[in-house]
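The tour goes from one selection to the next.

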Amino acid sequence: MKRSLRIVVAGFAVGFPLGGQLWMMLHFAEGLSRLGHEVTFLEDTSNWAYPFDPVLGHPVDNSERGREAVDRLFRRAGLTGHWAYVSEIEGRLYGMDRATLDRRLAEADFFLNVSAVLPLKEEYFQAPVTAVIDTDPVFTQVKVATDPWTRDYYRRHDVCFTYGYNLPGGGTDVPLSDVDWKPLLPPVILDRWPVGQGRGDRYTTVGTWEARDRDVEVAGRRLSWRKNVKYEAILDLPSTLRDIPLGMAMSGMCNDAWRYAAAGWEVREGLEVSRDPDTYRDYIRGSRGEFTIAKDQNVVLKSGWFSDRTATYLASGRPAVVEDTGFGRYLPVGEGLFPFEGHDGAVEALRAAEADPVRAGKVAREIAGDFFDSDKVLAGLLRACGLA
C-alpha cells in the first residue's frame, strides 16, 4: 500500500482569484488529495502584491473576495480548512490559525512550490523534499542565468520542474544554468471538466492582451512575451475563414477591442469570463475549440511549453488549434490537437479541425486522458521526487 504523504502546495490564488489561476491551483491541491495524500494549500505574497479584486478589476488592500473564491472552490473539493493565506498587506493569517499552519509545515513530507511566487522563509522549507515548478519557461531560465537572486531561489529546492517540456533535453539556445530541470505537463482533474454539449459557438481563448517588461534576449535575439503584437498578423482571419467563427476573451484590450470586433472577432473582456471559476469553465466548455497564439519566447525556441488552459479545452472535448511551441515532439498532433505557424498555417489548421469535428473532439478528450490526467501527472511528479 502506498504511504499517505503530508504535502504543502504553495501558490497564488487568493491574491489573484481569477478562473484559470484558481483552477490551476485546485488541480494540484485536489489532484494530490485524490491520490490519498493530506494536502494544505499555502499562499504568501509577502509585501509585494496587493490582492486583486475580481469585481472591481484592480488590486485593493482587502482580500475578502479572493478568500471567498478560494474557500468556495476548496470546500467543493472536500478541502475545507486546508488552505492558509498569509497577508502581510493586511497583517493577518486567514484560513487557519498560526499553530495549525506551523504544525503542518513542521510535519510536511513534501513541499511543492507552484510558479515560484512564495517568499523564501525558513519555515517553508522544513520538509525533507522540496520542489518548485517553473510555469513560465524561457523567461524563467533567462532569469536564473542572469539574476543571482532568482538562481539562488530555484537552487533552494531539491527538484526543479518546468513546463518547458523540451528544455531539459537540450538542443535549444535556452541557458539551463546547470539546473537539473525536469519536464512536467499541467495536471487536469478530468471529471471537473466534463465534455461540452454540442458543437459549441466558436473557437476562443482567454488571456491577457499586453504584458510589458518581460521580453528576453537569448543567443543575441530579442524575444517577445507580448501577445497583442502577434495578433496583428492574424487580424483578418475571420474574413478569411467566414464559416469558422473566432473569438477571444482578453483583459486589457482597450482601444484594440473595437478594431478586432470590426474585423469579425467576437471580443469579450477577459475579466467578465474569468472573475468566477464556473463562468470560466462554462466559457471553455461552450466553445467550439481553442484558437490561440503563444509567446515568441516559446515559439521561436520550441520550448515545448503547453498551457494548462489548453489542457482544459482538450479535457472538455474541444479541439485545440495552437501556435506551435514544439509540443508535437511529445504529444500526438493532427486530429484533436493542431499546431500551426503563421497566418496561412492558422488557416490550414482551423480547416483541418473543422473537417471532422466529432472525431476532433473525441481525440481531444483522449489526449487529455492520456497526458494531462492529474492522477498520472501528479503520480509522475511524486516519482520524480523519490516519493512514490
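Start with residues Thr140, Lys143, Val144, Ala145 and Thr146 of helix α4, which meet Pro148, Thr150, Arg151 and Tyr154 of helix α5. Keep in mind throughout that this is a predicted model. By type, the residues of this contact are four nonpolar, three polar and two charged.

Now select both helices whole: α4 is residues 139-146 and α5 is residues 148-155. Their axes come within 5 Å and cross at roughly 110 degrees. Angles of 65 to 115 degrees count as roughly perpendicular, so α4 is roughly perpendicular to α5.

Next, select strand β18, residues 320-323. Which way do its side chains point? Ala320 and Val322 point one way, while Val321 and Glu323 point the other way. In a regular strand the side chains alternate between the two faces of the sheet. All four of these β18 residues are buried.

Finish with helix α13, residues 342-355. At 1.5 Å a residue its 14 residues should span 20 Å, and the end C-alpha atoms are 20 Å apart, so the two values agree. Colour its buried residues: Gly345, Ala346, Val347, Ala349, Leu350, Ala353 and Glu354. What do they pack against?

Conventions
Residues are numbered from 1 along each chain as its sequence is written. This is a predicted model: local features need pLDDT of at least 70, side-chain atom pairs count only at pLDDT 80 or more; totals for chains, interfaces and linings use all residues. Side-chain values use heavy atoms; hydrogens and water are left out. Helices (H or I, at least four residues) and strands (E, at least two) are DSSP runs, numbered from the N terminus. The expected span of a helix is 1.5 Å times one less than its number of residues. Buried means under 20% relative accessible area, exposed over 50%, partly exposed in between (1.4 Å probe, protein chains only). Contact means heavy atoms within 4.5 Å. Axes are lines fitted to C-alpha atoms, for helices over the stretch in contact, and angles run from 0 to 180 degrees between N-to-C directions. Angles under 35 degrees count as roughly parallel, over 145 as roughly antiparallel, 65 to 115 as roughly perpendicular and the rest as oblique. Ala, Val, Leu, Ile, Met, Phe, Trp, Tyr, Cys and Pro count as nonpolar, Asp, Glu, Lys and Arg as charged, and the others, Gly among them, as polar.
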